[in-house]
Amino acid sequence: MTAELDQELVQRIATLRFRAERAVEGLRSGVHRSPHRGASVIFAEHRHYRPGDDLRLLDWRAYARSDRHTIKRFEQETHLRAHLLLDTSASMGYGGESAGVSKREYAATLLAALAYVLLGQGDATGVQTLDSELVAQVPARARPDQLEAILQLLAAPPRPGARTDLAAAVGAAVERVGRRGLVVLASDLLDLGPGALQPLSRLRALGHQLLVFHIIDRDELELPFQGPSRFVDPEGDGSLDVDPEALRQVYRQRIGAFLTDCRERCTAAGARHVLCPTDHPVQQVLAGALRGRAVGAWA
Amino acid sequence: MGLETPLALLGLLAAGLPLLLHRIRRRDLRPIALPTFAFLLEADRKKRRSRGITDLLLLMLRVAMLAVAAGALAAPYVAARLSFGDGSITSAAIVIDDSMSMMRLQDDKPLLALAKARAREAVASLPQGSEIAIISAGEPPRLRLPRSDRLEHAEAAIEAIDDRSLRATDLDAALRLGLSQLSASRHPSRRLLVLSDFAEHARLSPASLDADGIEVSLERIGSPPARPNLHIRSLRALPDPTTLGKTSLAIEVAADGPAKGPIALTVENSRGQLARQNLELVDGQGRATVLVETPARGTDPTATVRIDSDDALEADNSAGVLLTSGDAIEAIFVNGDPHPASDRDELHYALRAVRQAPDGGTPVRAQTVDADALPKHDLSQVDVVVLANVPAPSTALGRRLRSFVESGGGLLIAAGDRVRARAYNAALKDLLPCHVRARGQNEDLGLLPDEASAALLPAGPSGLSRSRTSGRLLLDCDGGELLRFSDRTPAVASRELQRGRVTMLATSLDADWSDLPLRPGYLPLLWGLLRHSSQRRPTRPDGPVDAQGVAHIPVPPGARSLEVVSPSGARHRFDDLGERQSLAFEAIDAPGAYRVLSASPGAPLRDAARGAFVVNPPKSESDLRQKQLPAVGDDAESGTGSAVVRRSLSPYIFLAFAALAVAEGLLRLRRRASTKRS
């Protein structure tokens with residue numbers, strides 16, 4: 001990936017608008033709904049006045065009609081804090097022939113596009129790269145040069161031979177997440193151990209919006225290799241001499257079970273699981289993810 | 001075992017080829033860093049169980065195929081010592097002794113079975129193209145398989161030899177048969193193998209073994225018997241003259257070696273055990289007399305005497321006997337002038353005469369009835385009806401007598417005061433052998449035996465010529481005269497009528513018309529008249545069984561069905577006998593007495609008067625002592641070939657290679673199908 005976005009991609013995602021389904025906390029007015037009622041153009045409700053209420057919020061017209069003190073409430077629109085987490089372990093370096101890019105490049109492109117959308121609508125956006133630990137980060141901000149900083153980090157080369165430790169890495173990353181907002185993880189989830197998504201569950205409990213882009217290569221899905229081959233573990237020393245044709249059926253069953261398990265565990269953790277085969281166009285995947293959220297299809 | 005081309009074993013190195021290829025292929029594999037390696041590893045572990053075994057089997061099969069191919073090229077062989085012959089193409093004849101002594105058990109197997117197994121082994125030793133003939137040596141010797149180059153037929157011929165035998169041994173004749181088969185054989189190598197126990201009784205003369213150009217091998221089957229053999233040497237049943245209704249059995253037992261202790265004899269038949277008696281043997285011999293009930297007419301006339309002993313040969317431990325003579329002529333005497341307890345009785349002399357069984361002759365079992373009772377009497381079990389001074393029978397009785405004669409019965413008419421010429425001519429016109437002209441009286445004639453009398457009287461002087469006859473019937477005959485008076489007129493005449501015969505005596509059976517009953521010739525004359533009328537010929541002492549083991553059972557007149565009960569209890573029924581006079585019975589399966597039951601239409605089965613017969617084992621076969629074998633070349637005793645031949649194992653190895661190739665192909669297909677399913 002280069003430090004500049006493809007212009008065609010930029011044009012396509014410019015039309016996308018991300019609207020959080022759930023209310024997020026924000027210090028700035030924005031397009032996102034806030035649980036705090038206050039100054040806004042969108043009327044929410046009436047309620048009886050209680051001592052301590054802001055007198056500016058008294059509905060004088062209602063008082064004139066009913067002789068009762070009634071407070072007029074509005075929905076407050078706030079800015080979003082988005083935290084994008086990129087898995088840069090060695091397994092993400094695989095790129096099959098059908099996709100033409102590695103999983104890491106694909107994930108970086110996807111997150112960059114999302115950052116562009118968020119920053120474009122004034123949301124504070126930050127990026128963290130991780131493998132077995134938190135590698136680097138760009139804190140969430142909404143400054144004009146934030147996109148450039150994000151793209152530079154996403155395009156940074158990974159640490160060679162880095163193994164995945166999702167539990168530790170995500171745990172370290174979420175400690176840096178502040179107020180309620182959006183947390184997006186792009187990973188192949190190959191190290192999805194029993195406690196790997198526990199940090200995400202905690203975020204969900206704190207009211208964060210969670211989105212998991214499950215990056216996977218077509219080769220990993222279908223094992224299309226022909227003839228006896230020697231398969232090696234990119235994050236270990238293991239190797240296996242085998243005719244993949246003989247194992248294809250069992251392998252596919254196993255990978256199908258893995259995807260199902262990932263989806264169920266993400267859902268259990270309160271995250272939306274979006275499967276992202278690397279031969280699918282980034283904008284299509286991103287649009288699907290954002291539209292689905294817009295109509296309330298996730299979570 | 002050896003190898004024709006040992007260098008070909010270097011080809012075994014090729015067996016390592018699959019392993020080498022496997023290693024090379026592994027080295028050239030392209031590496032693929034697959035992130036989902038863990039899942040691939042899991043899948044591999046899951047599949048490894050079945051696929052790993054298949055792959056290993058395939059590898060082993062391929063290694064084995066190459067090794068077997070190298071082994072086949074080395075041309076291995078085994079050195080085999082032939083059990084018969086020298087391995088060259090041969091014309092052979094195998095004589096198998098199937099006599100009764102070969103039924104002796106050795107290691108729980110009959111010697112005959114061992115001989116048959118040895119014969120099969122010998123046949124298997126012959127190379128293809130050889131000729132083989134199979135002969136069985138039980139008397140009479142039989143050619144089981146004429147000389148043939150179809151060796152596979154020999155197996156069937158050997159198998160067809162019955163495991164049970166009641167035959168004597170005739171090795172000389174069997175050898176002649178074998179040598180005659182080899183005399184015109186095609187191959188210069190000719191061999192004759194004789195398999196027998198070579199017991200003392202086997203007829204084998206050294207002269208039989210002289211055969212130019214034929215190698216004779218005598219092979220003894222079985223070792224000498226460990227126990228002496230007991231057998232019933234003789235068994236006779238005679239009506240006991242001292243006890244009415246009893247029959248005495250004279251039993252003689254002998255052993256072919258020193259037998260110890262008393263032995264038990266049992267007499268039994270279909271009614272159960274008739275008697276049991278212990279017998280002490282002295283010098284290997286013993287005699288016993290047992291009294292049993294004489295069976296009533298129409299009941300089981302047979303008995304089996306059994307030695308209860310665990311000796312060398314069981315087959316000769318029992319013998320059958322007929323408690324009533326099977327050859328006896330069943331005669332019914334019709335008394336036309338009864339005077340009970342008086343010498344004036346018409347049958348006073350005749351009945352006393354028939355009770356005296358002549359030596360070696362046919363006995364007569366006589367019963368008497370009055371003339372009035374004859375029409376009601378069952379004639380189906382009767383051989384001869386004797387009308388002694390009986391008035392002319394009624395028309396109905398005349399028809400019945402005619403039917404009786406036509407179906408094979410005998411009718412003897414003796415003259416007397418009550419025989420009226422005119423009435424007889426009228427009532428028995430179609431039966432009488434001569435026309436009765438009148439009664440002659442106050443004459444004094446003797447009898448004049450001539451050549452025609454030979455049918456009635458034994459050769460030699462009979463004393464009849466000195467008899468004096470005062471009364472007689474004058475007969476006009478057109479032939480058939482068997483005896484004449486001194487004036488050349490017929491005294492006895494006879495005629496055939498279909499299957500039966502009618503005989504007429506011109507004078508009386510008592511002493512009213514002649515002094516014949518007082519003459520010594522009376523007895524043979526009366527016997528001759530009865531035998532001639534019944535058409536009985538002296539039967540063979542060994543019963544109706546011929547040399548081929550087939551019993552020819554006479555069918556009683558009027559019988560429609562027949563049942564033969566063998567000593568083992570097996571029943572063989574024969575229906576729809578029609579007009580048959582005898583029945584060929586081939587199911588002779590055991591020594592002993594065979595019952596024959598017959599039934600006329602509408603009547604139940606009854607023991608036929610002359611049906612029962614006895615099949616006893618040949619006495620000579622009971623002597624199981626082994627004789628010294630005559631010398632025949634260098635291998636006389638063992639008779640076994642000593643040639644060593646090399647038998648190539650290559651065909652078997654190539655067969656194994658083919659089997660391995662097929663297995664490899666099937667396994668490969670299975671593996672491919674499994675891969676496609678994956």
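1. Between chain A and chain B there are five residue pairs in polar contact, with both residues at pLDDT 80 or more; a polar contact is a pair of N or O atoms within 3.5 Å, where, within protein, one must be able to donate a hydrogen and the other to accept it, and residues adjacent in sequence count only if both atoms are side-chain atoms. The side of chain A that touches chain B draws two or more residues from each of strand 8 (229-232), strand 9 (239-242) and helix 8 (244-268) of chain A, and helix 8 of chain A gives the largest share, 11 residues. Helices (H or I, at least four residues) and strands (E, at least two) are DSSP runs, numbered from the N terminus.

2. This is a predicted model, in which local features need pLDDT of at least 70 and side-chain atom pairs count only at pLDDT 80 or more, while totals for chains, interfaces and linings use all residues. Residues are numbered from 1 along each chain as its sequence is written, chains are lettered from A and ligands numbered from 1 in the order in which they are written, and side-chain values use heavy atoms, with hydrogens and water left out.

3. The contact (heavy atoms within 4.5 Å) takes 31 residues from chain A and 24 residues from chain B. The two chains bury about 2700 Å² between them, 70% of it on carbon and sulfur atoms, where buried area is the accessible area (1.4 Å probe) that two parts lose on being put together, summed over both. On the side of chain A, the residues that lose the most area to chain B are R230(A), L240(A) and R254(A), together 20% of what that side buries.

4. Which side chains meet in a salt bridge? They are those of R254(A) and E42(B), at 2.5 Å from N to O, and the rule finds one salt bridge across this interface, counting a side-chain nitrogen of Lys or Arg within 4 Å of a carboxyl oxygen of Asp or Glu.

5. An open sheet of three strands has the order 9(A)-8(A)-2(B), with mixed pairing; two strands pair if DSSP finds at least two bridges between them. Strand 8 of chain A pairs in the parallel sense with strand 2 (residues 31-33) of chain B over three bridges, and V232(A) has A33(B) as its bridge partner. Strand 8 and strand 9 of chain A, by contrast, run antiparallel and are joined by four bridges, with S229(A) opposite V242(A).
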